Amino acid sequence: MNLKVKVSDRIYWLGTNDRRKALFENLWPIPDGVSYNSYLIADEKTALLDTIEMGTGGDYVGWIEHLLGEHHKNELDYLVINHMEPDHSGEIGEIVRRWPNVRIVGNIKTFKILEGYYGITQNLVEVKDGDTLDLGHHKLQFVTTPWVHWPETMMTYDTTEQILFSADAFGTFGTLDGAVFDDEIDCFEEKYLSEMRRYYSNIVGKYSNMVQKAFCKLASVPLKTICPLHGPIWRSNPQKVVELYDRWSRYEAEDGVVIIYGSMYGNNAATADYIARKCAEAGIRKIKVHDASKTHLSYLINDIWRYRGVILGSCAYNTNMFPKMEHLTNELLHMGVQNKLYALFGSYSWNGGGVRNLNTFADAIGWTRVADPVDVFGTPTPEKLTGCDIIAQNMAAALAKHE
């Protein structure tokens with residue numbers, strides 16, 4: 001591949017689109033694929049910042065050679081590793097084979113994983129928070145950002161052109177379909193916003209407190225461009241994506257409600273639709289209903305991150321929750337999702353368990369309850385659903401207080 005996409009005069013984007021992979025990290029559906037970005041700085045000293053997933057970029061090494069050759073250089077002086085996850089470190093072995101003297105820049109935690117993955121222990125340049133690397137015109141400064149979202153993760157800041165190479169932060173699911181930069185995309189909200197939030201909530205969201213710590217380190221740093229490892233480069237409005245991550249990592253959400261239920265024979269589905277209608281009648285304008293059996297966990301978490309109100313329903317199943325609901329609640333506890341208004345409902349035939357175990361989850365996660373749970377015995381008739389009217393009314397009132 002001989003694409004020449006300039007981030008600035010001597011900084012190049014080297015990325016690829018993966019439209020074949022069905023599951024990101026073998027967990028999360030990516031129907032619109034995903035992109036992998038890396039970057040080359042061709043200065044007095046040359047530096048490659050991260051690589052891509054092995055096998056997705058054709059002749060990746062040849063691409064780098066071509067760009068270096070345009071600047072009459074044959075050598076790659078540095079490989080900067082911001083993140084060791086294999087979708088970004090997959091070509092390191094090929095880079096070292098082609099340029100055996102390349103100096104590998106990372107932190108002490110980087111090198112432990114590097115040895116474990118690729119057996120590489122030579123030509124290492126350890127950097128700490130705030131250390132710099134002089135390439136000539138470009139001066140790089142390193143910012144350690146552990147647990148955004150691996151322990152070794154760091155960012156690289158080009159102080160000369162105020163460009164932040166942000167690793168997995170500010171990334172998104174979805175391929176780059178010709179448009180590499182944010183100002184080349186007219187429909188960002190339509191094409192990327194939901195997938196960026198799904199990426200954040202599922203991949204990074206557990207470490208939201210560490211995202212806030214990273215923001216503290218970057219608070220006084222001017223940003224003209226943000227270059228993430230997934231998704232578009234932000235050169236016209238980097239503040240937009242910073243504000244999104246700041247809001248999501250503070251668990252700020254829209255004034256709407258997501259209703260998620262587990263149902264075997266339709267009783268809980270009918271109750272969910274009843275509650276949704278009553279929510280609309282109470283004035284809530286953003287309402288989303290999901291069947292946990294059909295909708296993948298990552299989309300459920302995405303909408304929980306999006307909306308302030310969460311209403312969960314489960315039928316009884318072997319004296320416990322419906323398994324899909326149990327999976328969801330376990331994941332929410334694991335992630336430590338905060339600042340939600342909630343209500344619960346469910347159904348049973350001979351013995352309870354769905355609502356009882358939802359209550360245990362709710363007590364553990366510490367959200368704010370807006371109404372007493374509703375646990376329906378048998379078929380959900382109007383007489384049995386009066387408590388659902390209260391759920392809808394109280395949720396609407398609680399959301400209104402946060403406007």
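**Helix packing and a cavity**

Guide: In this predicted model, the axes of helix 6 and helix 7 (residues 238-249) come within 9 Å and cross at roughly 135°.

Visitor: Is helix 6 parallel or oblique to helix 7?

Guide: The crossing angle of helix 6 and helix 7 is roughly 135°. Angles over 145 degrees count as roughly antiparallel, and 65 to 115 as roughly perpendicular. Helix 6 is therefore, relative to helix 7, oblique.

Visitor: Which residues make the contact of helix 6 with helix 7, and how many are charged?

Guide: Helix 6 brings Ser208, Val211, Gln212 and Phe215. Helix 7 answers with Val242, Tyr245, Asp246, Trp248 and Ser249. By class, five are nonpolar and three polar, and the number of charged residues is one.

Visitor: What is the handedness of the crossing of helix 9 and helix 10?

Guide: Helix 9 (residues 297-306) and helix 10 have axes that come within 11 Å. They cross at roughly 55°, which makes helix 9 oblique to helix 10. The crossing of these two helices is right-handed.

Visitor: How many nonpolar residues are in the contact of helix 9 with helix 10?

Guide: From helix 9 come Leu297, Leu300, Ile301, Ile304 and Trp305. They meet His327, Leu328, Glu331, Leu332 and Met335 in helix 10. One residue of this contact is polar and one charged; the nonpolar ones number eight.

Visitor: Are helix 10 and helix 11 parallel or perpendicular to each other?

Guide: Helix 10 (residues 323-335) and helix 11 (residues 354-365) pack with their axes 10 Å apart. Their angle is about 10°. Angles under 35 degrees count as roughly parallel. Helix 10 and helix 11 are therefore roughly parallel.

Visitor: Which residues make the contact of helix 10 and helix 11, and how many are polar?

Guide: Helix 10 supplies Thr329, Leu332 and Leu333. Helix 11 supplies Leu358, Phe361, Ala364 and Ile365. Six of the contact residues are nonpolar and none is charged, while the polar count is one.

Visitor: What volume has the largest cavity?

Guide: The structure holds one cavity of 30 Å³ or more. The volume of the largest cavity is about 50 Å³.

Visitor: Which helix gives the largest share of the lining of the largest cavity?

Guide: The lining consists of Val148, Met155, Ala169, Phe170, Val211, Ala214, Phe215, Leu218 and Tyr245. By class, nine are nonpolar, with no polar and no charged residues. The largest share, four residues, comes from helix 6 (residues 208-218).

Note on methods
Residues numbered from 1 in each chain as written. Predicted model: local features only at pLDDT ≥ 70, side-chain atom pairs only at ≥ 80, totals over all residues. Heavy atoms only, no water. 1 Å grid on protein atoms, 1.4 Å probe; cavity = no way out; pocket = protein on both sides within 12 Å on 5 of 7 lines; lining within 4 Å. Points joined across faces, edges and corners; volume = space filled by probe spheres on them. Nonpolar A, V, L, I, M, F, W, Y, C, P; charged D, E, K, R; others polar. Axes fitted to C-alpha atoms, helices over the stretch in contact; angles between N-to-C directions. Contact = heavy atoms within 4.5 Å. Left-handed = near helix turned anticlockwise from the far one by under 90°.
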